Amino acid sequence: MSVAYDDSVGVEVSSDSFWEVGNYKRTVKRIDDGHRLCSDLMNCLHERARIEKAYAQQLTEWARRWRQLVEKGPQYGTVEKAWTAVMAEAERVSELHLEVKASLMNEDFEKIKNWQKEAFHKQMMGGFKETKEAEDGFRKAQKPWAKKLKEVEAAKKAYHAACKEEKLATSRETNSKADPSLNPEQLKKLQDKVEKCKQDVLKTKEKYEKSLKELDQGTPQYMENMEQVFEQCQQFEEKRLRFFREVLLEVQKHLDLSNVASYKNIYRDLEQSIKAADAVEDLRWFRANHGPGMSMNWPQFEDEEWSADLNRTLSRREKKKATDGVTLTGINQTGDQALQSKPSSVSSYEKTQSYPTDWSDDESNNPFSSTDANGDSNPFDEDATSGTEVRVRALYDYEGQEHDELSFKAGDELTKIEDEDEQGWCKGRLDNGQVGLYPANYVEAIQ
């Protein structure tokens, strides 16, 4: 039937109506869809948790790599601290995203999983108990009405067939009157046929109207029973919808870091660290540690008996530490050296960079050349060659950290041209002619 039974509506509805036989199956299918939607939501949260974990790992790796680069790089002082504070922010945010991942999986995911298990009960033969109950309820409510509907359809078909037969008989009887070849007996048969068809039309019409009336009488009860089963399905679906809303609100709370106090503190601390950067302080530190403010072992007149060990310049490999309390003999402080410098942070760059404190005797304007104007030797000059050349083999890989250091691989051979100094460094020459320094314990003499 495609006509609504509500008199207040008074309009025809499509054959896709819920009241049509079998169309309740969409409502039944919604129960199965509810179980699948629970699984879909769990998969959704699982994927998001993986994203949170991956993002946290990427933040941590990024912070670790850039912290090393900044610490080994040329940046120094308070700006270096501000820069590394950005990496600290990433590490702290990474921890929060790991907490988000844990909340999504340990709380939200498990909550959906448990609700799904409690709401849907699987049967031994497949499917869910709730789906079968709804299917049986609708089938039972629809069965009496569907049976009467089938009778109405059969009566309607018989009535329409009788009407068609009557029209055909009437047409033949009318045409026979104009045919002189037909005898009275033949005409009588045609007239009897028409009369019989009219009686069949009346009988089938009466039966059709009767079955339709019975169907109409049973429709209210049919609608009431269907509504009752449908309402049970609605209540079940309402529980799922309300549960989903509750879970999604929990997910929102876990994802929203803007309301987390520790998240706000991260950026408050980052802002304070960046604002604490002081260009004047950094410049003052650099002047005192690497500029004109540094101490200098100025050359002085020395007696003939002065020990050669004491007049040597500082090894080019030695590094001055900010906390050293050693006072060099024969030092005259001038200019900024006499000023008391303000304590400040020591850059990590100083840990990896070497600033030679000796002066070169190769410069053309050096007043202390190997021979003075009178041809006498310079007492400050050091012997450039402290040993004979020896072939050595590298035991380990070494990558030069400065421009005057050699790089080689384990097994490479090179020539040692100067013996080991007090700091454990030797001067050598690679086979390509490059001369530089290398750690003495990284090689062994070739027998």
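Is cysteine 38 buried or exposed? In this predicted model, cysteine 38 has a relative accessibility of 0% and therefore counts as buried, given that buried means under 20% relative accessible area. Cysteine 163, with a relative accessibility of 18%, falls under that cut-off and so counts as buried too. As for cysteine sulfur pairs, the count of disulfides comes to 0.

A surface feature involves helix H1, which spans residues 25–72 and supplies the largest share of a nonpolar patch, namely 3 residues. The patch is formed by Trp62, Trp66, Leu69 and Trp83, which together have about 380 Å² of accessible area. Leucine 69 has its place in helix H1, and because its relative accessible area is 44%, between the limits of 20% and 50%, leucine 69 is classed as partly exposed.

The relative accessibilities of these residues are set out below.

| Residue | Relative accessible area | Class |
|---|---|---|
| Cysteine 38 | 0% | buried |
| Cysteine 163 | 18% | buried |
| Leucine 69 | 44% | partly exposed |

Turning to the strands, 5 of them form an open sheet with antiparallel pairing, in the order E4-E3-E2-E1-E5. Its edges are strand E4 (435–439) and strand E5 (443–445), each of which pairs on one side only. On average, and with direction ignored, neighbouring strands of this sheet are turned by 50° against each other. Within the sheet, strand E1 (residues 390–394) and strand E2 (residues 413–418) run antiparallel and are joined by 4 bridges, and arginine 393 stands opposite glutamate 413 in E2.

Conventions:
Residues numbered from 1 in each chain as written. Predicted model: local features only at pLDDT ≥ 70, side-chain atom pairs only at ≥ 80, totals over all residues. Heavy atoms only, no water. Disulfide = S-S within 2.5 Å. Buried < 20%, exposed > 50% of the residue type's maximum accessible area, 1.4 Å probe, protein only. Pairing = 2+ DSSP bridges. Helix = DSSP H or I, 4+ residues; strand = E, 2+ residues; numbered from the N terminus. Axes fitted to C-alpha atoms, helices over the stretch in contact; angles between N-to-C directions. Patch = residues over 30% accessible without salt bridge, like charges linked within 9 Å, V, L, I, M, F, W, Y side chains within 5 Å. Areas by Shrake-Rupley, 256 points an atom, 1.4 Å probe, with all protein chains shown as cover. Salt bridge = Lys/Arg side-chain N within 4 Å of Asp/Glu carboxyl O.
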